[in-house]
Each structure stands twice: as C-alpha cells, then as structure tokens.
Amino acid sequence: MPEAFNNMLVKYCSPVLTGIKTANMFTFFGEPFNIDRIIKSYNENFNSFGIYFYILNSKDKSSLIYVYRFDRLKRDLRQRYVSSFMEKEGYDIYDVKSCIETLSEKIRKGKEFPHEIGLFLSYPIYDVIGFIRNNGCNFKYCGFWKVYSNEENAKRVFREYEKCTALCCKKFSKERNLFNIING
C-alpha cells in the first residue's frame with residue numbers, strides 16, 4: 001500500500017476509519033492510472049470492514065478521494081429532513097452508490113462544490129441549510145464545517161475528531177499498520 005496515500009488517509013480520515021464519522025475526503029496528488037489501481041486495491045482490502053473508497057473527481061495529477069462507511073451513509077441519507085432535501089437536489093436516497101455518482105457528476109460539472117456535499121460528510125442538516133441561506137456568512141462557529149445551529153455540540157464533535165486524528169496519527173507513525181487503527 002502506498003505510503004503517501006496511507007499518510008493522507010490517516011491524517012484526513014481517522015474518524016471514518018475508527019467508525020465515529022460517516023465519511024471524509026481528501027485530495028491526493030499522483031498519476032490518474034495509479035490512483036485507479038490504488039482505489040481498487042483499497043476497496044478490496046477495506047470493504048469487508050465497511051469502508052469504501054471512491055474517486056469523486058480527477059484533474060491533471062490530483063484526485064478527490066471520498067472515504068466512507070456505506071451503512072452509515074445509507075442511514076444518514078435516509079434521515080427525515082436529509083432525505084427530503086436530497087430528493088429535491090436530484091438524489092435517489094434509496095441507492096447510495098447512485099447518490100455518490102450524482103455527487104461526483106455535480107462536482108465534475110460545477111464551478112464549486114454542491115452545498116449538499118456536507119450531508120455526505122456527516123454535517124448536520126441545519127448547518128448545511130444555514131450555510132445555503134447565509135451564503136457561507138453569519139455562522140456561529142467554524143471548525144470542520146461552518147456551524148449555524150448547535151454550536152456547543154459541534155465543538156464537542158470537533159474535539160472528538162481532533163482527538164481521534166491525533167491518536168491515530170501517533171499510532172500509525174509507530175506501527176505503520178492501517179488495520180490496527182480500524183480494529184482499535
């Protein structure tokens with residue numbers, strides 16, 4: 001497994017790997033034909049743990065990698081307010097893979113990320129809607145996302161993600177084994 005990819009994965013996706021977050025994404029720089037092979041290999045190795053990898057977009061020598069837990073994403077997209085919002089945005093919430101493909105298509109065709117991307121990353125629906133209504137301004141707090149609703153809960157979640165990432169980075173720097181992070 002490529003060392004650079006592993007380092008990025010631990011740095012940006014530790015909360016996903018450990019199961020406390022549905023998904024995250026990061027940009028990986030490398031040749032497109034290599035990233036296709038890397039993603040195929042990682043899916044072969046990690047799907048049995050419920051962790052999936054998808055290339056949302058590739059340009060030149062960079063690829064936007066989406067790392068997610070399938071069952072959690074399925075649950076997240078079917079929450080009451082989320083599902084109605086997503087259906088209005090053109091997603092088939094009963095087909096997770098189709099939702100990811102639709103998101104990928106919107107990213108490739110758009111000039112900016114579609115706002116609903118936050119719902120693919122475990123952001124609260126009220127914060128996604130707040131971001132849209134306020135054009136990204138007037139937020140209460142900014143951390144992993146811009147917070148418009150429950151600031152104290154968001155701060156607690158941000159601390160949890162930061163702590164998880166720090167612990168996983170430390171463990172990975174010693175052991176160099178991703179599977180030990182997933183298994184605890």
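The axes of helix α4 (residues 80-88) and helix α6 (residues 125-133) come within 10 Å and cross at roughly 40 degrees, where axes are lines fitted to C-alpha atoms, for helices over the stretch in contact, and angles run from 0 to 180 degrees between N-to-C directions. The two helices α4 and α6 are therefore oblique to each other (angles under 35 degrees count as roughly parallel, over 145 as roughly antiparallel, 65 to 115 as roughly perpendicular and the rest as oblique). From α4, Tyr81, Val82 and Phe85 meet Ile125, Tyr126, Val128, Ile129 and Ile132 of α6, contact meaning heavy atoms within 4.5 Å. The residues of this contact between α4 and α6 comprise eight nonpolar, no polar and no charged (Ala, Val, Leu, Ile, Met, Phe, Trp, Tyr, Cys and Pro count as nonpolar, Asp, Glu, Lys and Arg as charged, and the others, Gly among them, as polar).

The structure is a predicted model, in which local features need pLDDT of at least 70 and side-chain atom pairs count only at pLDDT 80 or more, whereas totals for chains, interfaces and linings use all residues. Residues are numbered from 1 along each chain as its sequence is written, and side-chain values use heavy atoms, with hydrogens and water left out.

Helix α3 (residues 70-77) packs against helix α5 (residues 96-109) at an angle of about 80 degrees, with the axes 10 Å apart, which makes α3 roughly perpendicular to α5. Phe70, Leu73, Lys74 and Leu77 of α3 form this contact with Val96, Lys97, Cys99 and Ile100 of α5, and the residues of the contact divide into six nonpolar, no polar and two charged.

Thr22 lies in the loop between α1 (3-17) and β1 (23-29) and is buried, with a relative accessible area of 1% (buried means under 20% relative accessible area, exposed over 50%, partly exposed in between, with a 1.4 Å probe and protein chains only). Its side chain makes a polar contact with the side chain of Arg72 (3.3 Å), a polar contact being a pair of N or O atoms within 3.5 Å; within protein, one must be able to donate a hydrogen and the other to accept it, and residues adjacent in sequence count only if both atoms are side-chain atoms. Beyond neighbours within four places in sequence, the residues in contact with Thr22 include Val67, Arg72, Leu73 and Ser122.

Overall, the chain contains eight helices and five strands, defined as DSSP runs (helices H or I, at least four residues; strands E, at least two) numbered from the N terminus. Of its 184 residues, 42% count as buried.
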